[in-house]
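Here are some notes to read alongside the model. Keep the structure open and follow the points in order.

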Amino acid sequence: QVRLVESGGGLVQPGGSLRLSCAASGFPFSTYIMRWYRQAPGKERELVAGISSEGGITNYPDSVKGRFTISRDNAKNTVYLQMNSLKPEDTAMYYCFAVSNMGNSYWGQGTLVTVSS
C-alpha cells in the first residue's frame, strides 16, 4: 500500500536541467522528512537533498549546493528535485526516501538520470 513513485529522469546534455518528482501514497506524507539519494555505477549511494516535513528546512551536500533545489507540496503528496547546471558526474539512479520521527522509512524504485553529450 505504501508507494513512492519517481519520475522525470532521462537523458540530458551537460549544463541542462531536469525536474524529478516523487509521488507518495499509503502513509502520512506531510509528517515525514523527505530525501533524495543517488547512486552511480560503482559508487556508494549518497544523499543529495533533504527537506523537513513542513518544507521550511532544506539541506544539500557541497557537490550539488547551488545547483539542486528540493521542494515539496504536501497537498499533492509530492516531493521534487530541480536539477540545474547538470554535470556528467550527476549521472546516477535517483531515489526518493521518506522517514518518520519514529524511524519508519520507505524507498522508491528510482529514476535514471544520464548527463551526457
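Predicted model: local features only at pLDDT ≥ 70, side-chain atom pairs only at ≥ 80, totals over all residues.

**Notes on the sheet, the disulfide and a buried arginine**

1. Let's start on a pair of strands: Ser-7 has Ser-21, in β3, standing opposite. Strands here are DSSP runs of E of at least two residues, numbered from the N terminus, and two of them pair if DSSP finds at least two bridges between them. Ser-7 belongs to the stretch 3-7, strand β1, which runs antiparallel to β3 with five bridges joining the two.

2. Residues are numbered from 1 along each chain as its sequence is written, and side-chain values use heavy atoms, with hydrogens and water left out.

3. Now widen the view. On its other pairing, β3 meets β8 in the antiparallel sense over six bridges, and Arg-19 stands opposite Gln-82 there. Put together, four strands make an open antiparallel sheet in the order β1-β3-β8-β7. Because β1 and β7 are at the edges with a single partner strand each, one side of each has no neighbour in the sheet. From one strand to the next, the twist averages 15° (axes are lines fitted to C-alpha atoms, and angles run from 0 to 180 degrees between N-to-C directions).

4. Which cysteines does the disulfide join? Cys-22 and Cys-96, with 2.1 Å from S to S; the rule asks for a pair of cysteine sulfur atoms within 2.5 Å, and it gives a count of one disulfide. The link spans distant parts of the chain, 74 residues apart, from Cys-22 in β3 (residues 18-25) to Cys-96 in β9 (residues 92-99). The torsion about the S-S bond is about -85°, so the disulfide is left-handed. Cys-22 is buried at 0% relative accessibility, and Cys-96 is buried at 0% too. (Buried means under 20% relative accessible area, exposed over 50%, partly exposed in between, with a 1.4 Å probe and protein chains only.)

5. Val-79 is worth a click: leaving aside residues up to four places away in sequence, its contacts (heavy atoms within 4.5 Å) include Cys-22, Cys-96, Met-34 and Trp-36.

6. Is Arg-38 buried or exposed? Buried, at a relative accessible area of 6%. Arg-38 lies in strand β4, and its side chain makes polar contacts with the side chains of Glu-46 at 2.8 Å and Asp-90 at 2.9 Å. (A polar contact is a pair of N or O atoms within 3.5 Å; within protein, one must be able to donate a hydrogen and the other to accept it, and residues adjacent in sequence count only if both atoms are side-chain atoms.)

7. Last, two loop residues. Asn-77, in the loop between β7 and β8, has a positive phi near 50° and is partly exposed at 26%. Ser-85, in the loop between β8 and β9, also has a positive phi near 50° and is partly exposed at 42%.
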